[in-house]
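Hello,

Here is the structure I promised to pass on. Please have a look, and then read my notes below.

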Amino acid sequence: MRPKARDAEFEDFVRRRRSHLLGTAVVLTAGDHHLAEDLVQGVLVRLYLAWGRATRRGGVDAYARRALVNAFIDHRRRPSVARETVTAELPDRPAGPVSLPLGEDAVDADLLAALRALPARMRAAVVLRHVADLSVEDAADALGCSPGTVKSQTARGLAKLRELLPQAAPIPATPYPGDPS
């Protein structure tokens with residue numbers, strides 16, 4: 001049985017974009033690599049089944065992002081997730097910064113813990129805008145909402161992150177020591 005051109009295109013997409021999807025999923029899940037792998041696997045299955053439709057519209061990346069966000073939000077709505085008990089102390093914490101397959105530097109474990117405190121759609125808006133570096137319109141398309149909703153969710157999410165994260169050292173008024181300007 002010879003592989004179809006569709007299969008070759010899909011395989012090429014997976015080779016190019018899987019690590020980016022996985023990196024976005026890791027941040028969406030606030031550092032849960034196992035859940036991120038499951039979400040990306042499910043997204044790739046959905047994408048394969050809808051490959052013809054997604055490529056005809058010309059937005060395979062947009063389709064994959066939207067499917068990823070929907071899979072994340074659907075997972076958060078499952079009853080098994082709601083039955084988890086919240087504790088004041090985390091039973092396990094990563095030993096150091098978490099490396100992402102995005103090709104970027106490591107993400108701080110404190111940032112991932114703070115992201116975990118955000119509601120799912122607010123977290124998705126922050127991650128799509130500031131980690132995946134999407135425009136407001138592209139993030140709105142991925143979330144299935146208006147650009148205004150993305151802006152407000154992102155602003156509220158960033159304000160919440162500022163409350164939760166320790167403050168960075170203040171930036172001095174003069175750029176260089178001894179510089180009178």
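**Helix packing and core**

Helix α4 passes α7 in a right-handed crossing. Keep in mind that this is a predicted model. The axes of the two helices, α4 and α7, come within 10 Å and cross at roughly 150 degrees. Angles over 145 degrees count as roughly antiparallel, and α4 and α7 are therefore roughly antiparallel to each other. On the α4 side, the contact is made by R65, V69, F72, I73 and R76. On the α7 side, A120, R121, R123, A124 and L128 make the contact. By class, the α4 contact with α7 has six nonpolar and four charged residues, with no polar ones.

Next, the core. The largest nonpolar core has 47 residues. Those touching the most other members are F13, L47, L68, L115 and L128. Elements giving two or more residues to this core are α1 (5-28), α2 (33-49), α3 (51-57), α4 (60-77), α6 (109-116), α7 (120-130), α8 (136-143) and α9 (147-164). The most comes from α1, with nine residues.

Take L115. Leaving out residues up to four places away in sequence, L115 touches V27, A30, R123, V126 and L161.

One more site: A54, in helix α3. A54 is buried, with a relative accessible area of 2%. Beyond four places in sequence, A54 touches L47, G59, V60 and Y63. A54 and A64 are 10 residues apart in sequence, and their C-alpha atoms are 8.9 Å apart in space.

Best regards

Key. Residues are numbered from 1 along each chain as its sequence is written. This is a predicted model: local features need pLDDT of at least 70, side-chain atom pairs count only at pLDDT 80 or more; totals for chains, interfaces and linings use all residues. Side-chain values use heavy atoms; hydrogens and water are left out. A nonpolar core is a set of buried Ala, Val, Leu, Ile, Met, Phe, Trp, Tyr and Cys residues joined through side-chain atoms within 4.5 Å. Buried means under 20% relative accessible area, exposed over 50%, partly exposed in between (1.4 Å probe, protein chains only). Helices (H or I, at least four residues) and strands (E, at least two) are DSSP runs, numbered from the N terminus. Contact means heavy atoms within 4.5 Å. Axes are lines fitted to C-alpha atoms, for helices over the stretch in contact, and angles run from 0 to 180 degrees between N-to-C directions. Angles under 35 degrees count as roughly parallel, over 145 as roughly antiparallel, 65 to 115 as roughly perpendicular and the rest as oblique. A crossing is left-handed if the near helix is turned anticlockwise from the far one by less than a right angle, and right-handed if clockwise. Ala, Val, Leu, Ile, Met, Phe, Trp, Tyr, Cys and Pro count as nonpolar, Asp, Glu, Lys and Arg as charged, and the others, Gly among them, as polar.
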